[in-house]
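Hello,

Here is the structure I promised to pass on to you. Have a look at it first, and then read my notes below.

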Amino acid sequence: MIEHLIPVLIGTLAAATPLIFAGLGELVTEKSGVINLGVEGMMLIGAVAGFGAALHWGLFAGFVAGALAGALAALPFALLTLSLGANQAASGLALTIFGSGLSAFVGQYLVSESLPGLQPWPIPGLSAIPVLGPIFFNQTVVVYLSYAAAIFVTWVLAKTRWGLVLRAVGESPEAAHTIGYPVTSIRYAAVCFGGAMAGIAGAYLSTVYTPLWVQNMTAGRGWIAVALVVFATWKPLRLLLGAYLFGGMTILQLHAQGLGVDLPSQLLSAIPYVATIVVLVLISRDRALLQLNLPASLGKPFIPGG
Amino acid sequence: MLIPPPPNHPRPLPAGEPRLQLLNISKRYPGVLANDQVSLNVMPGEIHAVLGENGAGKSTLMKIIYGAVQADSGQIQWNGREVSIANPAVARELGIGMVFQHFQLFETLNVTENIALALPPDTDLKTLAVRVREVSEKYGLPLDPERLVHALSVGERQRVEIVRCLLQNPQLLILDEPTSVLTPQAVRKLFETLRKLASEGVSILYISHKLHEIQALCDRATVMRGGCVTGGANPRQESTASLARMMIGRDLPVCHAPVYAGEVKAALEIDSISRPKDDPFGVTLEDISLTVNSGEVVGIAGISGNGQAELLAALSGESTGRSDSVRIAGLPVGHLHAGQRRDRGLSFVPEERLGRGAVPSMSLTQNAMLTAHRQPGLSRFGLLDFKAARDFALRCIERFDVRCNGPQAAARSLSGGNLQKFIVGREIMQAPKVMIVAQPTWGVDVGAAATLRQTLLDLSREGVGVLVVSEELEELFEICDRIAVLAGGRLSAAMPRNETNAEQIGLLMAGQAAAASV
């Protein structure tokens with residue numbers, strides 16, 4: 001039994017990785033009090049930029065280009081919402097539509113190309129642990145980086161001065177401003193970090209996971225990432241769990257399709273989305289936890305006055 | 001790792017040199033001159049009062065000193081040298097600390113984290129927690145550094161603000177209306193702390209409109225009215241009346257309470273309301289009972305956040321419960337929602353004037369209709385009669401002396417006092433059997449506050465049961481026949497005003513029921 005499950009679980013981690021990157025980025029953005037619904041668009045821009053760069057200069061350049069493109073895509077959003085006080089939800093939706101269109105336009109020249117992908121790099125020693133070894137430590141470098149990113153974000157938010165200031169700004173921009181923190185600059189940084197992480201998530205999809213460029217290849221993962229952040233009550237490690245749940249369901253339904261289960265494939269493809277949302281709604285019903293972690297100023301514009 | 005030394009060694013100054021000197025400070029906002037050529041000086045170790053009504057320009061002046069607002073013209077001299085204070089960080093660097101009226105704290109962070117945010121970036125949280133404990137004990141402001149701010153009482157939150165300032169080694173501490181949320185006992189404790197600080201050479205600017213506090217605490221007072229300095233005084237040598245004249249330009253108005261001669265029957269009965277909190281930051285109501293009779297004003301004292309919001313929601317009908325938990329003139333209404341309770345003779349004036357009492361962008365006529373539409377003659381076949389509505393609003397404006405540009409003026413264009421007069425008037429004109437008012441004079445100038453209090457008293461003497469929920473003890477003692485205290489979600493028995501005093505009410509407010517009954 002377990003030997004049949006191991007391939008599923010290995011696939012789970014790979015499928016969850018883009019959600020982890022995009023979700024962590026959005027988590028940091030939201031902790032600063034800004035909700036960016038443009039994750040899907042930024043992922044697509046990152047995916048196309050990453051794929052193009054990886055074709056010419058290799059995989060590493062692909063990830064750098066993905067991150068830069070994602071951060072760059074977040075900038076107009078930041079300008080609209082943070083400097084001009086525009087509505088965050090509407091601006092985020094616009095960013096998603098823009099990203100989808102722009103990536104399709106640029107990507108039309110890349111459709112016939114393909115990349116070799118990335119071979120797993122087993123960590124010596126750890127990968128020999130029975131069951132857990134092959135699942136967690138016989139993966140690509142990018143998957144390892146997703147673990148590191150989750151731990152890093154957890155640590156920064158909980159233990160460092162930066163994290164403290166970020167949480168403070170997200171809870172009460174007025175108080176942070178009065179004490180003398182540059183609220184708008186801090187939020188710019190958080191939004192751009194979110195963009196860069198979404199870009200990395202996109203680049204992973206197009207250069208490692210698939211690895212080729214298809215129009216709208218993110219297929220709603222950006223939206224799942226946004227939902228994960230809320231249902232994870234803004235806690236990075238819960239977000240990791242949510243991402244693995246989604247990844248696991250994705251791989252399971254693929255296997256089910258492969259085994260010829262007698263259900264329409266469209267219905268099976270919808271299962272991961274439905275299951276993730278249902279499970280997360282159930283586990284995040286604790287209002288006290290929600291209130292304590294919810295950035296109180298989320299979505300509300302703050303323009304410092306004189 | 002750099003923790004500032006304790007605040008007991010301010011820089012020595014030549015004798016007679018003021019620590020802070022303001023020269024001809026002016027600040028104009030669109031439509032108002034908030035500060036007009038204001039000059040002021042504060043000596044080292046002096047407790048200096050800035051006295052004035054709401055809107056006199058005190059807060060603007062303090063924000064200018066703290067760098068949160070920039071003056072249009074004028075000069076600031078700090079320890080004898082001209083400075084420009086571009087932002088609060090510069091002010092803190094100079095040694096100016098400020099305790100805000102509306103606390104600038106972060107509820108989901110703990111005490112140490114809140115304090116660390118105002119200190120240099122290299123502050124180590126563990127060492128800081130130790131320092132917080134030390135300083136808070138030294139100045140009689142006990143605090144647990146690990147607790148989350150949302151779990152603290154209002155008094156404790158203020159301690160966080162004060163300790164945060166003290167750790168910045170201030171030479172000048174500004175306190176903006178610091179006692180508005182404290183019990184009388186806590187006020188005394190605060191004054192001890194402030195005197196100790198002053199004896200160590202720290203200058204204190206104390207902003208208030210409470211005359212007896214200023215007389216008890218301050219060495220010197222600067223009085224402001226309408227953005228200008230109208231005088232300086234030694235508050236200990238002045239009478240309350242003479243200070244009041246300086247502050248409002250005329251004598252302090254007094255309320256008079258005639259004896260009620262009509263029939264006494266229960267107007268509002270609250271029968272053991274218990275309600276678990278539905279919000280983790282909320283308060284659980286425990287077995288609250290109270291009867292308000294026709295012809296009397298009953299006050300509920302206590303600091304906001306002790307169940308006031310929850311109790312008011314249960315009374316107004318925003319949250320519902322057992323049918324006989326609330327009765328209006330004998331009629332069970334506990335299960336009815338707000339509109340149905342109003343149909344049965346309840347009027348309710350919420351604490352937030354803009355947003356709950358009135359819709360800011362709507363005209364006074366429209367705002368009047370929001371609750372008065374149920375009055376006969378104002379609607380026909382379910383449609384509003386706007387001519388009658390306008391007449392209604394006009395009568396309200398005239399009868400209650402609301403200063404505005406007529407019934408078409410937007411609610412937000414009125415001053416706090418005038419809008420409150422309109423809202424209270426709107427309710428009174430609907431001839432209620434029970435009137436519930438939360439914080440009737442919060443942020444209202446002295447003149448309007450006196451009018452409002454007298455209006456509520458007169459209303460009760462017409463046979464209406466009036467329930468007032470307020471943080472202002474003096475106000476309650478002025479107008480209430482009986483006073484109860486809401487603390488920690490429990491309501492004390494209502495005591496006749498002449499059988500209790502501020503001291504006892506204060507102990508009850510602090511949740512010390514046993515101590516208060518002795």
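Two strands count as paired if DSSP finds at least two bridges between them. Helices (H or I, at least four residues) and strands (E, at least two) are DSSP runs, numbered from the N terminus.

A word on the source: this is a predicted model, where local features need pLDDT of at least 70 and side-chain atom pairs count only at pLDDT 80 or more, while totals for chains, interfaces and linings use all residues. Residues are numbered from 1 along each chain as its sequence is written, and chains are lettered from A in the order in which they are written.

Let's start with a sheet. In chain B, four strands form an open, antiparallel sheet in the order 2-1-4-5. Its edges are strand 2 (32–42) and strand 5 (81–83) of chain B, each pairing on one side only. Strand 1 (residues 20–29) of chain B is joined to strand 2 of chain B by seven bridges; in one of them, Gln21(B) partners Asn41(B).

Now for helix 6 (residues 184–199) of chain B. Which of its residues are buried (20 or more other C-beta atoms within 10 Å of their own, with C-beta atoms placed from the backbone)? They are Ala186(B), Leu190(B), Leu194(B), Leu197(B) and Ala198(B). After helix 6 of chain B comes Gly201(B), with a positive phi near 100 degrees.

Enjoy exploring!

Definitions and conventions. Buried ≥ 20, exposed ≤ 12 C-beta atoms within 10 Å, placed from the backbone.
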